[in-house]
Amino acid sequence: MERIMITGALGQIGSELTEKLRGIYGADNVLATDIRNGGEQSGPFSVLDVTNAQKMHDLAKDFGADTMMHMAALLSATAEEKPLLAWNLNMGGLVNALEASRELGMQFFTPSSIGAFGPSTPKKNTPQDTLQRPTTMYGVNKVAGELLCDYYFQKFGIDTRGVRFPGLVSYVAQPGGGTTDYAVDIYYKAIEEQRYTSYIAEGTYMDMMYMPDALQAIVDLMEADPAKLIHRNAFNVTAMSFEPEQIAASIRKHIPEFQMSYDVDPVRQAIADSWPDSIDASAAKNEWGFKTQYDLDAMTSDMLVKLKKKLM
Ligand code: AKB
């Protein structure tokens, strides 16, 4: 990785990934792109709608990119509201990014998700290789995307790599339209109002990871020795699995008066119910040394400190 182009660079992952990569590889060597205008940026930025294949190709070529990080996508809840848009954007953007990578010989990263699993997938300690029959448009996109990335590796020799991210928690950019977003919202409300109404029901377990661990995982996977990679495109990665009461209890260690109530959103609850309770990340650990630093309490401490500063 020497010249990196990122799509969806103003999104939840993209905004922090851009800064991390600029810190490692040099600000001028990371081209951030997004469908929105970036405002003030720490390095090169271009507006890009990922469904515009020609512009994507031209930007990558003009920049001399050797790596494509394709982050632009609609998340699970929005994709359920707008399934056709999700198909066009998530699949159209992905195939354009893969094509640009094939034409220009770029290394390639895109995230899959725990959304690639479905109700018939084993729910606990979900294996790396298992049944994947998701019942959401987002899940259909993610499974198709995993297969498409494998296809580009097998058929064209493109160095495609990827992980199945769980819910990602961060204090920088807020996610939008995801099912796991409650685990971010709760920290904002804990600081602002000392109470939170969860749209996810008590007892619903989902995997999560703190953003610094997620970003490090991307760098580690992209820098990993290709000879050691058996799975390449859809490594299960996770740092923790919790249900809403557990994150509330973790927050109460810092804000004892914090109160939790529930007003369950049937759409997002149905999505969460179709996903695993916890996934097994041993393939990622064995093949490229995946590791995390933050468990729930460490994440809560850091989130509360950083968010308080941000909201002041
Ligand atoms: C979502 O909730 O849609 C995402 C994901 C787990 O892929 N955060």
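Strand E1 (residues 4-7) and strand E4 (residues 67-70) pair in the parallel sense over four bridges. Ile-6 stands opposite Met-69 in E4. Strands are DSSP runs of E with at least two residues, helices are runs of H or I with at least four, and both are numbered from the N terminus. Two strands pair if DSSP finds at least two bridges between them.

This is a predicted model: local features need pLDDT of at least 70, side-chain atom pairs count only at pLDDT 80 or more, and totals for chains, interfaces and linings use all residues. Residues are numbered from 1 along each chain as its sequence is written.

**The open sheet**

E1 and E4 belong to an open sheet of six strands, in the order E3-E2-E1-E4-E5-E7, with parallel pairing. Its edge strands are E3 (45-47) and E7 (160-161), each pairing on one side only. Helix H1 (residues 12-25) lies across E1, E2 (30-34) and E4. H1 runs at about 170° to E2. Such angles run from 0 to 180 degrees between N-to-C directions, and axes are lines fitted to C-alpha atoms, for helices over the stretch in contact.

| Pair | Residues | Bridges | Facing residues |
|---|---|---|---|
| E1 and E4 | 4-7 and 67-70 | four | Ile-6 and Met-69 |
| E10 and E14 | 195-198 and 259-262 | four | Tyr-196 and Met-260 |

**Strand E10 and helix H6**

In a regular strand the side chains alternate between the two faces of the sheet. E10 has a covered face, Tyr-196 and Ser-198, and an uncovered one, Arg-195 and Thr-197. Helix H6 (residues 182-193) buries Tyr-182, Ala-183, Val-184, Ile-186, Tyr-187 and Ala-190. Buried means that 20 or more other C-beta atoms lie within 10 Å of the residue's own, with C-beta atoms placed from the backbone. These buried residues pack against E9 (167-169), E10, E11 (206-210), H8 and H11. Just after H6, Gln-194 takes a positive phi of about 55°.

**Helices H8 and H11**

H8 (residues 244-252) and H11 (residues 296-311) pack at an angle of about 55°, with their axes 9 Å apart. That makes H8 oblique to H11. Oblique covers the angles left over once under 35 degrees counts as roughly parallel, over 145 as roughly antiparallel and 65 to 115 as roughly perpendicular. H8 contributes Gln-246, Ile-247, Ser-250 and Ile-251 to the contact, and H11 contributes Leu-296, Asp-297 and Thr-300. Residues are in contact if their C-beta atoms, placed from the backbone, lie within 7 Å. The contact residues divide into three nonpolar, three polar and one charged.

Key: A residue is buried if 20 or more other C-beta atoms lie within 10 Å of its own, exposed if 12 or fewer, and partly exposed in between; C-beta atoms are placed from the backbone. Two residues are in contact if their C-beta atoms, placed from the backbone, lie within 7 Å. Ala, Val, Leu, Ile, Met, Phe, Trp, Tyr, Cys and Pro count as nonpolar, Asp, Glu, Lys and Arg as charged, and the others, Gly among them, as polar.
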